[in-house]
Amino acid sequence: MSAPQDLAAEAVARAKKAGADEAQAAAARTSYFEIDYSSRRASLARSVDSLRIDLTVFRAGKRGSASLTGARGADLDEAVAAALAAAEAGVPDPANGVAEGFDSLATDYGPERPDRAAMSAAMTEFGAALAEQHPKIVTDGALYAFTDAETGFANSRGLRHVTRRGVHSFGLMFAARDAGRTTSFNHTGWQRFEPCADLLASGSLRRLLDEAALSLDTKPAPQKFVGDLILTPDAADTLIGPLAGALSGHALFAGTSPFKDKRGALVAPPCFSLLNRPRGATFAGGADFDSYGAPTQDLDVIRGGVLNEFLVDFFMARKLERPQTAGAQNFVVPGGDKALSDIVAGVKRGVLLARFSGGIPNSALDFAGVAKNSFYIEDGEIRGALSETMVSGNLQELLRQIYAVSRETVDFGSCRYPYIATSGALISPAP
Amino acid sequence: MLPQLAAKAQASGVETALRWHANETVSMTMRQGVLLANQRARSSGISARVFRNGAFGFAALPDDSADALDRALRRAAENAELAPRAGAQPLAPAAPGRGLFDYRRTDARKFTAAERVELFRTLDAAIAAKYPDLVTRDLNLTLFCSEKALATSGGAETFSAVPRVIFHVSLALEAKDGIVDLYDAMGGFGEIEDHLADVDSLLARIDALYDDLRRKAEGAFCEAGPQDVVLDSNVAGILAHEAVGHTCEADLVLAGSIAGDRLGQRVASEKITLGDFGGRGPDGRSSFAIHVDDEGTPCADTLLIEKGVLKTFMHNRDTAQRLGAAPAGNARAFAFSDEPLIRMRNTCILPGDDPLDDMIGAIEHGYYFRRATNGQADLTGEFMFGVNCGREIRNGKLGRALRDTTISGVAFDMLKSVTHVGPTLSWSPSGWCGKKQPITVGMGGPAIKCRVHVGGRS
């Protein structure tokens, strides 16, 4: 069976032969194995072998793409024809084209195959330990998986890359239940290269399980108020995700980014930085090259509160005539020098927000949603778990109002976040 | 392929489901006249699921040869031995589902790639010329078709091909306080020729969208807190899906859903009857169709709530056995590499007879919500979903347009607050659900008047 980099080169050659001016292809061969464990329904062990080829062709400045699974010649020719038909029908754009001028990469990370029996045993032990140590916790299955993915890239200008990643991952959705009472579900997960023998002790799980048990007794916030939010590491993407979208080249091109004129300006306090680290050594979920074959790079997006650079990918760099700064996103918010307990001690009135369930923020970054698995803070103390509570405001404003980031951080294997404390959110209890 | 699958499944000697499955997606994105994406993706392969000694083994390969079927069966059996066990139980019996359900157009007239792009260029140029004050304009088209052949050791043999079109138009304006945006989703069951052939009607929808956006740019933020509201029929579908549907999925019931203790109890106003339906829903007009699920069970209609009383849950064969119910065909897999999970099909509140004007007239101070965005459910029955278009109601009359907000509530409390149910059932053209895997769903309902918790700025 051909290696992925050879299949990518074969796809490019077929596209050129069929009439493409330029072409690029990525071929990914993946072996996946998971244990999906439940004590309340039948468990599952699942394996997937897959081969996916993504092809993009360019003709007369127009672009078309096609992807397929498998590597049969007839299927590949059909994909080439579909991509060329899309390109021929397309709209010419001077930004269309393939990458050039980069050195070839060959990288290799993590184990090549899982120890399936050890994974199964780890999940059985996890289930037993969970039942014994956290008897009020119920789960909808725990998922422990291993993915071995080898990806080859080739384009018609001779660029070639190959990378292999062997990655373990874990995910759990859970709630607490006792005497007819149920908490909101919560979830967490991580990726890492090495296997994990003690799943219960991994990531932020123990803290979240303890908090779930405490959430069986909820109370509403005393009244509607404007107060502080402390986003937990698991909830940090509530802010970081929409922020990254607003800082993207696509938002700049649309003209909808509220930050479009703020490069070099202070957009957050000096205690907050946002770094993109797709090549982070611990990031099993990182990437060495992007979908155009351009090597990924580290970038300080916000450093000391100052907006240093936007997240501009290969196509948007050419479209906006500015340097490419991003191709994959693996964010790090560096920790600060305060412990979480010290941050909580300084809160007059607010919410420790552990999960946000809300509508997708609009272009202006207005948001509104329900604080889940969250706790009410008053006069420097956590007073108890909150029942249904609506939190709303504007994320641009919350970014400006950040006043502390914690010393504690959690590495999820694709990002690393601390607790982030900010103010100015409208907090509204249900009746 | 189907005879080959059936022969292998019958010969397997264990509880087995074999599936060949291909998903094909054509997608196009145009922003400000620039074609950002124009692609076709096809993902196909075979899978085997084996149930042995109380656990499932599943294996999938991107291949459909006889040799691949044998390898998948062998690996699935090996995997079943590796799956942890917590009390072995058999699967609930189910009649074998059979039939061919191919909804693809058979006539020769098909949009070409060039015609699809030309449609986008025409619409984009028309929007740019007519509305030069827009900051940006996006057109997004997804043509999706899921094609499956399934055979089981229990004798099920079925093939289906179900296409769907989703066309989004998104517009943005600069208001006094920043960017305001709004999108509309069109399309639904079928193919592009069924929905996007009439450019004039598409332009009329876009004109209406622009008018709504203009009003929204000058609109108000909601007042945060509990409010009386009218949810338009376009919104009621996501309410049925998020607020009730997920709460009644039996895997979530086993994981602690609050609905688990409420069977036979009154959980809603007597005006509420809510079901999950096979085929294309009770009126045959949903944006999704299913007749046999991916365990081979024939799809039967299920009334989850009947005249306000919680009647049953949605099951696969495993949970049906554990909870003493009959499976009705809710086990569904999204891709060839996915195992079937308990999923909704066509979920809706059945229509009543209360006119929309009566609902609005009955509210002194509240809101009329017309379009929903994303949503989420919870084991507690709490639900939320985003709203991007609506109007104030003041003294029984429509007032200012609204900016974006999120609404939430506790399903069984909210449903008890329903006082009016409208006469017209409508289906979302673009229902998708995420739960380990994405999946297409039908979501529908009539307009209702109820009380929910609203996010706001004051």
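Guide: Let's start with Phe126(A), Phe170(A) and Trp190(A), which form one aromatic cluster. For pairing, rings of Phe, Tyr and Trp (its six-membered ring) need centres within 6.5 Å; planes under 30 degrees apart are stacked, over 60 edge-to-face, and the rest tilted. Before we go on: this is a predicted model, where local features need pLDDT of at least 70 and side-chain atom pairs count only at pLDDT 80 or more, while totals for chains, interfaces and linings use all residues. Residues are numbered from 1 along each chain as its sequence is written, chains are lettered from A and ligands numbered from 1 in the order in which they are written, and side-chain values use heavy atoms, with hydrogens and water left out.

Over all chains, the count is 16 aromatic pairs. One of them joins Phe144(B) and Phe334(B), stacked at 5.8 Å centre to centre with 10° between the planes. Phe144(B) sits in strand E5 of chain B, and Phe334(B) in the loop between strand E12 (331–332) and strand E13 (341–342) of chain B, so this pair ties together parts that are 190 residues apart in sequence. Strands (E, at least two residues) and helices (H or I, at least four) are DSSP runs numbered from the N terminus. Phe144(B) is buried, at 8% relative accessible area, and Phe334(B) counts as buried at 18%. Buried means under 20% relative accessible area, exposed over 50%, and partly exposed in between, with a 1.4 Å probe and protein chains only. Phe383(B) and Phe385(B) also make a stacked pair, 6.1 Å centre to centre and 25° between the planes; Phe383(B) and Phe385(B) are both buried.

Back in chain A, some rings have an arginine over the face. Arg165(A) lies over Tyr109(A), 4.4 Å from the ring centre, and Arg355(A) lies over Phe185(A), at 4.0 Å. The rule here is NZ of Lys or CZ of Arg within 6 Å of the ring centre and within 35 degrees of the ring normal.

Now for where the chains meet. The contact (heavy atoms within 4.5 Å) takes 88 residues from chain A and 82 residues from chain B. About 6300 Å² is buried between chain A and chain B, with carbon and sulfur atoms giving 53% of that. Buried area here is the accessible area (1.4 Å probe) that two parts lose on being put together, summed over both. Asp49(A), Val91(A) and Glu388(A) supply 9% of what chain A buries against chain B, more than any other three residues. There are 11 salt bridges between chain A and chain B, counting a side-chain nitrogen of Lys or Arg within 4 Å of a carboxyl oxygen of Asp or Glu. Among them, Asp261(B) bridges to Arg177(A), the closest N and O atoms being 2.8 Å apart.

Asn373(A) isn't a glycine, yet has a positive phi of about 50°. Asn373(A) lies in the loop between strand E17 (366–372) and strand E18 (375–378) of chain A, and counts as buried at 11% relative accessibility. Gln32(B), also not a glycine, has a positive phi of about 50° too. Gln32(B) is in the loop between E1 and strand E2 (34–52) of chain B, and counts as partly exposed at 23% relative accessibility.
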